[in-house]
Amino acid sequence: MHKIDMHTHILPERLPDFADKFGYGDFIHLDHHRTGFARMMKGQTFFREIASNCWDPQVRIGEYLHYRTPVQVVCTIPVMFSYWAKPADCLDLSRFLNDHLAGIVEDFPEHYIALGTIPMQDTDLAIEELNRLHELGFPGIQIGSNVNQLNLNEPQFFPIFEACQTLNMAVFVHPWEMMGQEKMPKYWLPWLVGMPAETSRSICSLLFGGVMERLPKLRFCFAHAGGSFLTTIGRVQHGFDCRPDLVAVDNKMPPRHYLGKFWVDSATHDPQLLRYILDVAGEDKVCLGTDYPFPLGDLEIGKFIEEMKLPEPTLEKIFYKNTLDWLYG
Ligand SMILES: [Zn+2]
(Lines give C-alpha, C1' and ligand atoms only; values in the text may rest on other atoms or scores of the structure.)
Protein backbone atom coordinates (compact mmCIF):
# COMPACT_ATOMS: atom_id res chain seq x y z
CA MET A 1 0.00 0.00 0.00
CA HIS A 2 1.11 3.53 -0.79
CA LYS A 3 2.28 5.39 2.33
CA ILE A 4 3.06 9.04 3.02
CA ASP A 5 4.53 10.18 6.33
CA MET A 6 3.27 13.75 6.71
CA HIS A 7 5.16 14.71 9.88
CA THR A 8 8.95 14.55 9.58
CA HIS A 9 11.74 17.03 10.22
CA ILE A 10 14.87 17.81 8.24
CA LEU A 11 17.75 20.30 8.36
CA PRO A 12 20.45 21.36 5.93
CA GLU A 13 23.71 19.55 6.70
CA ARG A 14 25.48 22.90 7.00
CA LEU A 15 23.97 26.02 8.55
CA PRO A 16 25.48 29.48 8.17
CA ASP A 17 26.60 31.18 11.38
CA PHE A 18 23.44 33.29 11.69
CA ALA A 19 24.48 34.77 15.05
CA ASP A 20 27.64 36.08 13.39
CA LYS A 21 25.77 37.23 10.28
CA PHE A 22 23.09 39.13 12.22
CA GLY A 23 25.29 40.17 15.13
CA TYR A 24 23.09 38.84 17.96
CA GLY A 25 20.99 35.98 19.21
CA ASP A 26 21.14 32.28 20.04
CA PHE A 27 20.48 31.02 16.53
CA ILE A 28 20.97 27.30 16.07
CA HIS A 29 24.27 26.16 14.61
CA LEU A 30 25.60 22.67 13.97
CA ASP A 31 28.77 21.18 15.40
CA HIS A 32 29.70 18.16 13.26
CA HIS A 33 31.81 16.65 16.00
CA ARG A 34 32.04 13.10 14.58
CA THR A 35 31.18 11.36 11.33
CA GLY A 36 27.43 11.02 10.84
CA PHE A 37 26.51 13.01 13.93
CA ALA A 38 26.15 16.68 14.80
CA ARG A 39 25.35 18.65 17.91
CA MET A 40 22.65 21.26 17.51
CA MET A 41 23.87 24.23 19.54
CA LYS A 42 21.62 27.09 20.62
CA GLY A 43 24.27 29.74 21.13
CA GLN A 44 26.68 28.05 23.54
CA THR A 45 23.99 25.70 24.91
CA PHE A 46 23.72 22.11 23.72
CA PHE A 47 20.20 21.50 22.37
CA ARG A 48 20.16 18.05 20.82
CA GLU A 49 22.37 15.57 18.97
CA ILE A 50 21.19 14.62 15.51
CA ALA A 51 22.37 11.95 13.09
CA SER A 52 22.75 11.93 9.32
CA ASN A 53 19.09 10.87 8.91
CA CYS A 54 18.25 14.42 10.00
CA TRP A 55 20.01 15.93 6.96
CA ASP A 56 20.81 13.28 4.36
CA PRO A 57 17.85 12.68 2.00
CA GLN A 58 19.35 9.42 0.70
CA VAL A 59 19.85 7.95 4.19
CA ARG A 60 16.22 8.80 4.97
CA ILE A 61 14.89 7.22 1.78
CA GLY A 62 16.81 4.05 2.72
CA GLU A 63 15.37 3.97 6.25
CA TYR A 64 11.84 4.53 4.91
CA LEU A 65 12.23 1.75 2.36
CA HIS A 66 12.42 -0.66 5.29
CA TYR A 67 8.91 0.44 6.30
CA ARG A 68 7.61 0.50 2.72
CA THR A 69 6.98 4.24 2.90
CA PRO A 70 8.19 6.01 -0.23
CA VAL A 71 7.07 9.57 0.54
CA GLN A 72 7.97 11.92 3.38
CA VAL A 73 6.52 15.37 4.01
CA VAL A 74 9.49 17.34 5.36
CA CYS A 75 9.58 20.55 7.37
CA THR A 76 12.11 22.27 9.56
CA ILE A 77 12.64 21.57 13.27
CA PRO A 78 10.50 23.98 15.33
CA VAL A 79 13.54 25.34 17.19
CA MET A 80 14.49 26.87 13.83
CA PHE A 81 11.30 29.02 13.65
CA SER A 82 13.20 31.87 15.38
CA TYR A 83 10.07 34.01 15.77
CA TRP A 84 11.99 35.87 18.50
CA ALA A 85 14.48 37.27 15.97
CA LYS A 86 14.23 40.59 14.14
CA PRO A 87 11.64 40.04 11.39
CA ALA A 88 13.98 40.72 8.46
CA ASP A 89 16.54 38.28 9.89
CA CYS A 90 13.87 35.63 10.45
CA LEU A 91 12.80 36.11 6.83
CA ASP A 92 16.40 35.63 5.73
CA LEU A 93 16.70 32.43 7.82
CA SER A 94 13.30 31.18 6.61
CA ARG A 95 14.28 31.71 2.98
CA PHE A 96 17.50 29.76 3.52
CA LEU A 97 15.60 26.83 5.05
CA ASN A 98 12.86 26.96 2.42
CA ASP A 99 15.35 27.03 -0.47
CA HIS A 100 17.00 23.96 1.03
CA LEU A 101 13.62 22.20 1.27
CA ALA A 102 12.80 23.15 -2.32
CA GLY A 103 16.13 21.67 -3.42
CA ILE A 104 15.35 18.31 -1.79
CA VAL A 105 11.96 18.17 -3.52
CA GLU A 106 13.61 19.04 -6.82
CA ASP A 107 16.28 16.35 -6.37
CA PHE A 108 13.88 13.63 -5.17
CA PRO A 109 10.39 14.53 -6.40
CA GLU A 110 9.08 11.00 -5.87
CA HIS A 111 10.14 10.93 -2.24
CA TYR A 112 9.69 14.39 -0.77
CA ILE A 113 6.97 17.00 -0.29
CA ALA A 114 7.93 20.11 1.71
CA LEU A 115 6.20 22.48 4.10
CA GLY A 116 7.83 25.89 4.40
CA THR A 117 8.47 28.16 7.37
CA ILE A 118 7.57 31.87 7.50
CA PRO A 119 8.39 34.77 9.88
CA MET A 120 5.07 34.72 11.77
CA GLN A 121 6.14 37.70 13.94
CA ASP A 122 5.73 40.06 10.97
CA THR A 123 2.48 39.81 9.04
CA ASP A 124 3.73 41.45 5.82
CA LEU A 125 7.00 39.52 5.65
CA ALA A 126 5.18 36.28 6.49
CA ILE A 127 2.80 36.81 3.57
CA GLU A 128 5.69 37.80 1.31
CA GLU A 129 7.45 34.49 2.00
CA LEU A 130 4.14 32.60 1.79
CA ASN A 131 3.65 33.93 -1.74
CA ARG A 132 7.19 32.91 -2.67
CA LEU A 133 6.57 29.41 -1.27
CA HIS A 134 3.41 29.18 -3.33
CA GLU A 135 5.34 30.11 -6.46
CA LEU A 136 7.96 27.49 -5.59
CA GLY A 137 5.18 24.88 -5.46
CA PHE A 138 5.03 24.25 -1.71
CA PRO A 139 1.58 22.88 -0.78
CA GLY A 140 1.69 24.36 2.74
CA ILE A 141 3.56 25.67 5.74
CA GLN A 142 4.44 24.62 9.27
CA ILE A 143 3.90 27.13 12.08
CA GLY A 144 4.32 27.11 15.87
CA SER A 145 1.46 26.65 18.31
CA ASN A 146 2.09 30.18 19.58
CA VAL A 147 4.18 33.08 18.30
CA ASN A 148 6.25 34.67 21.07
CA GLN A 149 3.49 33.48 23.43
CA LEU A 150 0.77 35.18 21.38
CA ASN A 151 -2.12 32.86 20.59
CA LEU A 152 -2.92 32.11 16.98
CA ASN A 153 -6.26 33.97 17.11
CA GLU A 154 -4.48 37.34 17.58
CA PRO A 155 -5.65 39.71 14.81
CA GLN A 156 -2.14 40.14 13.38
CA PHE A 157 -2.10 36.50 12.26
CA PHE A 158 -5.48 36.55 10.53
CA PRO A 159 -4.23 38.05 7.23
CA ILE A 160 -1.60 35.28 7.07
CA PHE A 161 -4.28 32.59 7.48
CA GLU A 162 -6.48 34.41 5.00
CA ALA A 163 -3.61 34.36 2.48
CA CYS A 164 -3.14 30.62 3.12
CA GLN A 165 -6.79 30.04 2.30
CA THR A 166 -6.60 32.22 -0.85
CA LEU A 167 -3.44 30.44 -2.03
CA ASN A 168 -4.89 27.00 -1.14
CA MET A 169 -1.94 26.33 1.20
CA ALA A 170 -2.33 23.84 4.05
CA VAL A 171 -1.18 24.71 7.59
CA PHE A 172 0.58 22.28 9.92
CA VAL A 173 0.55 23.49 13.55
CA HIS A 174 3.43 22.12 15.62
CA PRO A 175 3.91 22.71 19.37
CA TRP A 176 6.89 24.87 20.30
CA GLU A 177 7.97 27.38 22.99
CA MET A 178 5.87 25.35 25.39
CA MET A 179 4.04 27.39 28.00
CA GLY A 180 5.38 26.83 31.50
CA GLN A 181 8.51 25.01 30.35
CA GLU A 182 10.78 27.06 32.60
CA LYS A 183 8.73 25.82 35.59
CA MET A 184 9.19 22.15 34.71
CA PRO A 185 12.61 21.51 33.19
CA LYS A 186 12.98 18.08 34.85
CA TYR A 187 11.74 14.73 33.48
CA TRP A 188 11.45 16.08 29.91
CA LEU A 189 8.14 17.63 31.02
CA PRO A 190 8.15 20.35 28.34
CA TRP A 191 7.91 17.55 25.77
CA LEU A 192 5.67 15.15 27.71
CA VAL A 193 3.25 17.61 29.34
CA GLY A 194 3.88 20.94 27.63
CA MET A 195 3.62 19.85 24.00
CA PRO A 196 0.17 18.18 24.18
CA ALA A 197 -1.18 21.16 26.16
CA GLU A 198 0.42 23.60 23.73
CA THR A 199 -1.28 21.95 20.74
CA SER A 200 -4.64 22.07 22.51
CA ARG A 201 -3.97 25.75 23.19
CA SER A 202 -3.52 26.35 19.46
CA ILE A 203 -6.70 24.47 18.50
CA CYS A 204 -8.81 26.19 21.18
CA SER A 205 -7.45 29.61 20.16
CA LEU A 206 -8.22 29.10 16.46
CA LEU A 207 -11.63 27.71 17.28
CA PHE A 208 -12.85 30.06 20.03
CA GLY A 209 -11.19 33.00 18.25
CA GLY A 210 -13.35 32.28 15.21
CA VAL A 211 -10.46 31.75 12.77
CA MET A 212 -11.77 28.37 11.62
CA GLU A 213 -15.29 29.82 11.42
CA ARG A 214 -14.20 32.78 9.28
CA LEU A 215 -11.91 30.71 7.05
CA PRO A 216 -13.85 27.49 6.50
CA LYS A 217 -11.74 26.39 3.53
CA LEU A 218 -8.42 26.73 5.34
CA ARG A 219 -7.02 23.26 6.04
CA PHE A 220 -5.31 22.91 9.42
CA CYS A 221 -3.51 19.80 10.62
CA PHE A 222 -2.32 19.50 14.21
CA ALA A 223 0.69 17.52 15.39
CA HIS A 224 0.65 14.59 17.82
CA ALA A 225 -3.00 13.72 17.19
CA GLY A 226 -4.06 17.20 18.30
CA GLY A 227 -2.19 17.03 21.62
CA SER A 228 -4.59 16.95 24.54
CA PHE A 229 -7.46 18.60 22.64
CA LEU A 230 -9.36 15.53 21.45
CA THR A 231 -8.99 13.66 24.74
CA THR A 232 -10.39 16.67 26.63
CA ILE A 233 -13.12 17.59 24.12
CA GLY A 234 -15.83 16.70 26.67
CA ARG A 235 -14.39 19.19 29.13
CA VAL A 236 -13.86 21.85 26.45
CA GLN A 237 -17.43 21.48 25.20
CA HIS A 238 -18.82 21.51 28.75
CA GLY A 239 -16.83 24.66 29.50
CA PHE A 240 -18.34 26.29 26.42
CA ASP A 241 -21.84 25.23 27.56
CA CYS A 242 -21.58 26.20 31.24
CA ARG A 243 -19.58 29.42 30.93
CA PRO A 244 -20.45 30.95 27.55
CA ASP A 245 -19.68 34.33 29.13
CA LEU A 246 -16.02 33.25 29.26
CA VAL A 247 -15.74 30.93 26.28
CA ALA A 248 -18.29 31.85 23.62
CA VAL A 249 -17.33 35.51 23.44
CA ASP A 250 -15.85 35.62 19.92
CA ASN A 251 -17.47 32.61 18.26
CA LYS A 252 -20.93 31.23 19.01
CA MET A 253 -20.28 27.86 17.38
CA PRO A 254 -19.60 25.04 19.85
CA PRO A 255 -16.24 23.22 19.83
CA ARG A 256 -17.75 19.89 18.77
CA HIS A 257 -18.97 21.59 15.58
CA TYR A 258 -15.35 21.63 14.38
CA LEU A 259 -14.69 17.91 14.86
CA GLY A 260 -14.16 16.44 11.41
CA LYS A 261 -13.18 19.85 10.03
CA PHE A 262 -9.44 19.70 10.76
CA TRP A 263 -6.75 17.05 10.40
CA VAL A 264 -4.45 15.46 12.99
CA ASP A 265 -1.50 13.11 12.68
CA SER A 266 -1.35 9.57 14.02
CA ALA A 267 1.56 10.03 16.45
CA THR A 268 -0.04 8.49 19.54
CA HIS A 269 2.10 5.37 20.21
CA ASP A 270 -1.15 3.78 21.35
CA PRO A 271 -3.59 1.74 19.24
CA GLN A 272 -6.43 2.24 21.71
CA LEU A 273 -5.97 6.00 21.65
CA LEU A 274 -5.71 6.02 17.87
CA ARG A 275 -9.06 4.19 17.64
CA TYR A 276 -10.57 6.93 19.79
CA ILE A 277 -8.94 9.65 17.66
CA LEU A 278 -10.32 8.02 14.50
CA ASP A 279 -13.74 8.00 16.13
CA VAL A 280 -13.68 11.60 17.32
CA ALA A 281 -11.73 13.39 14.55
CA GLY A 282 -13.24 11.14 11.88
CA GLU A 283 -11.40 8.54 9.81
CA ASP A 284 -11.12 11.07 6.95
CA LYS A 285 -9.02 13.36 9.13
CA VAL A 286 -6.24 11.21 10.62
CA CYS A 287 -2.95 11.12 8.69
CA LEU A 288 0.11 8.93 9.09
CA GLY A 289 2.58 11.29 10.75
CA THR A 290 5.52 10.10 12.82
CA ASP A 291 7.80 12.95 13.96
CA TYR A 292 10.77 11.09 12.41
CA PRO A 293 13.72 11.12 13.04
CA PHE A 294 13.40 12.07 16.71
CA PRO A 295 13.21 9.62 19.63
CA LEU A 296 9.65 10.61 20.59
CA GLY A 297 8.55 9.77 17.05
CA ASP A 298 6.81 6.67 15.72
CA LEU A 299 10.08 5.45 14.20
CA GLU A 300 8.61 2.23 12.82
CA ILE A 301 6.58 4.50 10.49
CA GLY A 302 3.05 3.34 11.28
CA LYS A 303 3.82 -0.33 12.04
CA PHE A 304 1.48 -0.21 15.06
CA ILE A 305 -1.31 1.01 12.77
CA GLU A 306 -0.73 -1.86 10.34
CA GLU A 307 -1.11 -4.23 13.32
CA MET A 308 -4.47 -2.75 14.37
CA LYS A 309 -6.38 -4.82 11.81
CA LEU A 310 -8.26 -1.77 10.55
CA PRO A 311 -10.35 -2.23 7.41
CA GLU A 312 -8.35 -1.71 4.22
CA PRO A 313 -10.25 1.47 3.18
CA THR A 314 -9.53 3.05 6.59
CA LEU A 315 -5.85 2.18 6.32
CA GLU A 316 -5.68 3.70 2.85
CA LYS A 317 -7.16 6.92 4.22
CA ILE A 318 -4.69 7.09 7.11
CA PHE A 319 -1.66 6.11 5.06
CA TYR A 320 -2.05 8.54 2.16
CA LYS A 321 -5.54 9.64 1.09
CA ASN A 322 -6.17 11.96 4.06
CA THR A 323 -2.74 13.56 3.68
CA LEU A 324 -3.38 14.29 0.00
CA ASP A 325 -6.78 15.79 0.92
CA TRP A 326 -5.18 17.94 3.59
CA LEU A 327 -2.29 19.13 1.42
CA TYR A 328 -4.06 19.70 -1.88
CA GLY A 329 -7.76 20.00 -1.00
ZN1 LIG B 1 7.50 17.17 15.04
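Strand E8 (residues 170–174) is mostly covered, with 5 of its 5 residues buried, where a strand is a DSSP run of E with at least two residues and a helix a run of H or I with at least four, each numbered from the N terminus, and where buried means that 20 or more other C-beta atoms, placed from the backbone, lie within 10 Å of the residue's own. Both faces of E8 are covered, by the burial of Ala170, Phe172 and His174 on one side and of Val171 and Val173 on the other. This is a predicted model, in which local features need pLDDT of at least 70 and side-chain atom pairs count only at pLDDT 80 or more, whereas totals for chains, interfaces and linings use all residues. Residues are numbered from 1 along each chain as its sequence is written.

| Strands | Sense | Bridges |
|---|---|---|
| E7 (residues 140–144) and E8 | parallel | 5 bridges |
| E8 and E9 | parallel | 3 bridges |
| E9 (residues 220–222) and E10 (residues 263–265) | parallel | 2 bridges |

Within E8, Val171 is the bridge partner of Ile141, and Val171 also stands opposite Phe220 in E9; further along, Phe222 has Val264 in E10 as its bridge partner.

These strands belong to an open sheet of 8 strands with parallel pairing, in the order E1-E5-E6-E7-E8-E9-E10-E11. Because strand E1 (4–9) and strand E11 (286–287) stand at the edges with a single partner strand each, one side of each is left without a neighbour in the sheet.

Terms used: Pairing = 2+ DSSP bridges. Buried ≥ 20, exposed ≤ 12 C-beta atoms within 10 Å, placed from the backbone.
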